[in-house]
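Please look over the model shown here before reading the notes. The briefing covers aromatic contacts, sheet layout and confidence.

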Amino acid sequence: NADIGIGEGAQVVENKDAKPGEIFIKTKAGSKVTFTINGLEDLDRFHEYWQDREDQSRLPREIKTETEKDLVFLIWSGTDGGKFLDDKQTLSRVWRAPGEPGNCAITINIGDLGLVRPLDTGSRKDTAKTLAIHVFVEK
């Protein structure tokens, strides 16, 4: 789970057609806006089982259940106007709006690496998630 925080320089615009993971903002041409990813965490649950090797007909018995944090990565990209002030792929990014009015889109792709687990306990690689910021640049 993650959401996008918007700092000074922009205002969130309500859009009833927005999909989950999608926000709409408006800002002035040439202004700086700080975006922050909040609550970025991937907790994976693993079950460890024991199988009676003497009697394979018995069902495996659960030994323990663990929950661990997975390693998460994100990739910011702005496709059509504006630019980020640096190339770092961090939780917080500063973006400068283009000098002319128009529309821009910023995407954040979030994925996990899937934990490497001991034998027989499996791993969990979740599907990637994409967040979208739609920017309306005003004069």
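How many aromatic pairs does a search of the whole structure find? The search finds four. The structure is a predicted model, and the protein chain has an average pLDDT of 83.

**Phe24 and Phe136**

- Phe24 and Phe136 make a stacked aromatic pair, with 6.1 Å from centre to centre and 15° between the planes.
- The angle of 15° counts as stacked because it is under 30 degrees.
- Phe24 belongs to strand 3 and Phe136 to strand 11 (residues 129–138), so this pair ties together parts of the chain that lie 112 residues apart in sequence.
- Phe24 has a relative accessible area of 13% and is buried.
- Phe136, with a relative accessible area of 32%, is partly exposed.

- Phe35 and Trp76 form a tilted aromatic pair, at 6.5 Å centre to centre and with 35° between the planes.
- Phe35 sits in strand 4 (residues 32–38) and Trp76 in strand 7 (residues 72–78); the two are 41 residues apart, and their pair links distant parts of the chain.
- Phe35 and Trp76 are both buried.
- One aromatic cluster is made up of Phe35, Trp76, Phe84 and Trp95.
- Phe84, a member of that cluster, also has a charged neighbour: Arg93 lies over the face of its ring, 4.2 Å from the ring centre.

- An open sheet is formed by five strands in the order 2-3-11-10-7, with mixed pairing.
- Strand 2 (10–13) and strand 7 are the edge strands, each pairing on one side only.
- From one strand to the next, the twist averages 25°.
- Strand 3 and strand 11, which carry Phe24 and Phe136, are neighbours in the strand order.
- Strand 7, which holds Trp76, is an edge strand of the sheet.
- Strand 10 (residues 102–112) pairs with strand 11 in the antiparallel sense, over nine bridges.
- Opposite Ile110 stands Lys129 in strand 11.

**Confidence**

- Of the residues in the protein chain, 90% score a pLDDT of at least 70.
- Among the elements of the chain, strand 3 (residues 22–28) has the highest mean pLDDT, 93.
- The lowest mean pLDDT among the elements, 74, belongs to strand 5 (residues 43–50).

How values were computed: Residues are numbered from 1 along each chain as its sequence is written. This is a predicted model: local features need pLDDT of at least 70, side-chain atom pairs count only at pLDDT 80 or more; totals for chains, interfaces and linings use all residues. Side-chain values use heavy atoms; hydrogens and water are left out. pLDDT is the predictor's confidence in each residue, from 0 to 100. Helices (H or I, at least four residues) and strands (E, at least two) are DSSP runs, numbered from the N terminus. Rings of Phe, Tyr and Trp (its six-membered ring) pair if their centres lie within 6.5 Å; planes under 30 degrees apart count as stacked, over 60 as edge-to-face and the rest as tilted. Buried means under 20% relative accessible area, exposed over 50%, partly exposed in between (1.4 Å probe, protein chains only). A charge sits over a ring if NZ of Lys or CZ of Arg is within 6 Å of the ring centre and within 35 degrees of the ring normal. Two strands pair if DSSP finds at least two bridges between them. Axes are lines fitted to C-alpha atoms, for helices over the stretch in contact, and angles run from 0 to 180 degrees between N-to-C directions.
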